[in-house]
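Here is my note on the model. Please read it with the structure open.

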Amino acid sequence: MKVEFINSINEINKEEWNSIINSDYPFLRYEFLDSLEKHKCVSEERGWSPFHAVVSEDNKKLALMPMYIKTDSQGEFIFDWSWADAFYRNGVNYYPKLVSSIPYTPASGPRLSVTDKSRSDEIIENLYSAIKEISEELDFSSVHILLAEEEEIRSFSNSGFSVRSSYSFHWFNNVYKDFNHFLQDMTSRQRKNIKKEREKISQQGIHIKKIKGNDITEEMLVAFYQFYQLTYLKRGMQGYLNYDFFKEITKLIPENILLVMAQDKEGSYVAGALNFYDTKKLYGRYWGCFEDFDSLHFETCYYQGIEFCIENGLICFDPGVQGEHKIKRGFCPIETYSAHWIKDERFREAIDDFLVREQIHVKNYNDDRKNLLPFKKEVTRKLYEK
């Protein structure tokens with residue numbers, strides 16, 4: 001068994017990559033990752049140099065893991081700026097580092113794909129050895145596997161990685177028939193609040209529609225891209241992704257894309273949200289608007305997504321990181337996980353100590369936030385039992 005690192009996904013053909021992935025998780029698909037590279041959304045200049053891991057045996061590929069050489073921590077959403085600062089204050093370089101992550105995409109999901117799951121532990125052991133070796137050769141300070149599935153994190157932990165927990169807010173489908181059925185699980189007070197928020201949309205003369213990938217027009221996409229860039233401009237930044245990426249990805253994997261668009265009384269587009277989905281989950285990703293309307297963000301980014309999940313039998317809606325305002329709208333606080341290997345033993349010990357204390361804080365935070373959920377008590381209990 002050997003592990004190689006490749007500088008572009010193009011070194012493997014699409015059919016072979018997707019057959020090893022063997023998942024409809026949209027962010028691991030060749031089409032998604034290739035579009036990022038092709039349109040220079042990831043590159044050395046952007047601080048995301050492709051360095052994908054390929055595990056093979058007897059010239060047969062066994063596993064793949066998208067990886068990137070990072071020269072900063074932008075677009076990762078598992079924040080380690082304080083770690084970098086500690087390194088520099090002690091005269092040690094934190095960058096470059098090696099990261100397994102979906103660029104600019106804080107959506108939990110698989111990171112390592114294997115053709116034979118019974119050999120996962122063996123593959124991870126070999127991958128761990130190769131990562132340590134390449135870190136010495138190329139002077140990486142550390143390796144980070146971000147927002148992976150819990151089972152993967154457990155396997156990496158067994159191989160010597162440290163585990164970091166963080167939190168997110170996800171909506172879960174309690175086998176609802178429609179949106180009103182979902183509201184029946186809530187306390188009467190919050191049920192009324194959500195109904196009022198939704199009524200405000202029609203009162204302002206706004207019409208909302210959900211558009212699957214095949215039905216997205218160029219006019220819609222241009223308007224959405226303007227919304228997307230405005231969201232970043234308000235923060236004094238430029239959007240990570242360019243129009244060519246969005247244009248191509250909607251053509252390549254339309255079956256994984258949902259666009260929610262809002263129109264005013266004159267029929268002009270005023271806001272939009274682009275989502276990805278697979279057979280189990282909806283992933284809320286990008287949002288923007290020309291002007292602020294009362295409750296429009298909640299409707300476009302959350303309620304339309306919940307409706308879509310119910311209509312299509314999806315079990316979970318991951319709307320993106322942070323945002324306690326999601327709790328009142330039915331999104332449950334959950335723990336998410338990442339795995340980290342720090343080459344320098346002194347810093348590894350200090351960060352391990354930090355992670356233990358942080359994990360206690362995250363658990364306490366999540367437990368406290370559960371008390372804010374708008375559901376009836378028996379519903380909250382059943383959701384977490386699942």
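1. Among contacts between residues at least 6 apart in sequence, 74% join residues at least 24 apart. Contact means heavy atoms within 4.5 Å.

2. A word on the source. This is a predicted model, where local features need pLDDT of at least 70, side-chain atom pairs count only at pLDDT 80 or more, and totals for chains, interfaces and linings use all residues. Residues are numbered from 1 along each chain as its sequence is written, and side-chain values use heavy atoms, with hydrogens and water left out.

3. Overall make-up. The protein has twelve helices and 15 strands; these are DSSP runs, numbered from the N terminus (helices: H or I, at least four residues; strands: E, at least two).

4. Burial. Of the 386 residues, 59% count as buried, that is, under 20% relative accessible area with a 1.4 Å probe, protein chains only. The C-alpha atoms fill a box of roughly 60 × 45 × 45 Å along the principal axes.

5. The axes of H3 (residues 81–89) and H11 (residues 345–370) come within 12 Å and cross at roughly 150 degrees. Axes are lines fitted to C-alpha atoms over the stretch in contact, and angles run from 0 to 180 degrees between N-to-C directions. H3 and H11 are therefore roughly antiparallel (angles over 145 degrees).

6. Who makes that contact? H3 supplies Trp83, Ala86 and Phe87, and H11 supplies Phe347, Ile351, Phe354 and Leu355. These contact residues divide into seven nonpolar, no polar and no charged. Nonpolar covers Ala, Val, Leu, Ile, Met, Phe, Trp, Tyr, Cys and Pro; charged covers Asp, Glu, Lys and Arg; the others, Gly among them, are polar.

How values were computed
Angles under 35 degrees count as roughly parallel, over 145 as roughly antiparallel, 65 to 115 as roughly perpendicular and the rest as oblique. Buried means under 20% relative accessible area, exposed over 50%, partly exposed in between (1.4 Å probe, protein chains only).
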